[in-house]
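Hi there,

Here is the structure I promised to send over. Please have a look at it first, and then read my notes below.

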Amino acid sequence: MDHAYYAIPPLQAIFDGAKRFGLNDAEVWQAFDESVDEVGADATLSEYLQQLTGQLARRILHKQRCAPSEERVHSGARR
């Protein structure tokens with residue numbers, strides 16, 4: 001199946017997921033802005049969302065790796 005036909009989660013759900021994994025509002029919006037700049041004006045929605053989710057994932061992983069090990073354990077247990 002072509003990527004154009006996949007169900008796409010609402011943007012707010014993607015943002016909320018990133019915040020649940022430890023990013024704050026400023027980090028989420030910075031990733032959003034950088035993703036828009038990187039894919040350019042001619043990108044498809046699918047390309048844009050792929051770039052955004054990748055950017056958010058890299059930021060989450062970086063933040064988790066930089067956090068003290070005790071903080072990582074507690075942040076992963078939040079629900």
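What follows is a short tour of the fold, the helix packing, the core and the salt bridges.

A word on the basis of these notes: this is a predicted model, so local features need pLDDT of at least 70 and side-chain atom pairs count only at pLDDT 80 or more, while totals for chains, interfaces and linings use all residues. Residues are numbered from 1 along each chain as its sequence is written, and side-chain values use heavy atoms, with hydrogens and water left out.

**Overall fold**

The protein chain has 4 helices and 0 strands, in the order α-α-α-α from the N terminus. Helices here are DSSP runs of H or I with at least four residues, strands are E runs of at least two, and both are numbered from the N terminus. Of the 79 residues, 25% count as buried (buried is under 20% relative accessible area, exposed over 50%, partly exposed in between, with a 1.4 Å probe and protein chains only). Taking contacts (heavy atoms within 4.5 Å) between residues at least 6 apart in sequence, 54% join residues at least 24 apart.

**Helix 1 against helix 3**

The axes of helix 1 (residues 11-20) and helix 3 (residues 45-66) come within 10 Å and cross at roughly 10°. That makes the two helices roughly parallel (angles under 35 degrees count as roughly parallel, over 145 as roughly antiparallel, 65 to 115 as roughly perpendicular and the rest as oblique). The axes are lines fitted to C-alpha atoms, for helices over the stretch in contact, and angles run from 0 to 180 degrees between N-to-C directions.

Which residues meet here? From helix 1 they are Leu 11, Ile 14, Phe 15 and Ala 18, and from helix 3 Leu 49, Leu 52, Thr 53, Leu 56 and Ile 60. By class, the contact has 8 nonpolar residues, 1 polar and no charged.

**The core**

The largest nonpolar core holds 12 residues: Ile 14, Phe 15, Ala 18, Leu 23, Val 28, Ala 31, Phe 32, Tyr 48, Leu 49, Leu 52, Leu 56 and Ile 60. Such a core is a set of buried Ala, Val, Leu, Ile, Met, Phe, Trp, Tyr and Cys residues joined through side-chain atoms within 4.5 Å. Helix 1, helix 2 (25-39) and helix 3 each give two or more residues to this core, and the largest share, 5 residues, comes from helix 3.

**Salt bridges**

The count is 3 salt bridges, each a side-chain nitrogen of Lys or Arg within 4 Å of a carboxyl oxygen of Asp or Glu.

- Lys 19 pairs with Asp 25, the closest N and O atoms being 2.7 Å apart. Lys 19 is partly exposed at 29%, and Asp 25 is partly exposed at 42%.
- Glu 27 pairs with Lys 63 at 2.9 Å, linking helix 2 to helix 3 across 36 residues.
- Glu 34 and Arg 59 meet at 2.5 Å, N to O. Glu 34 lies in helix 2 and Arg 59 in helix 3, so this pair ties together parts 25 residues apart in sequence. Glu 34 is partly exposed at 27%, whereas Arg 59 is buried at 18%.

Best wishes

Methods
Ala, Val, Leu, Ile, Met, Phe, Trp, Tyr, Cys and Pro count as nonpolar, Asp, Glu, Lys and Arg as charged, and the others, Gly among them, as polar.
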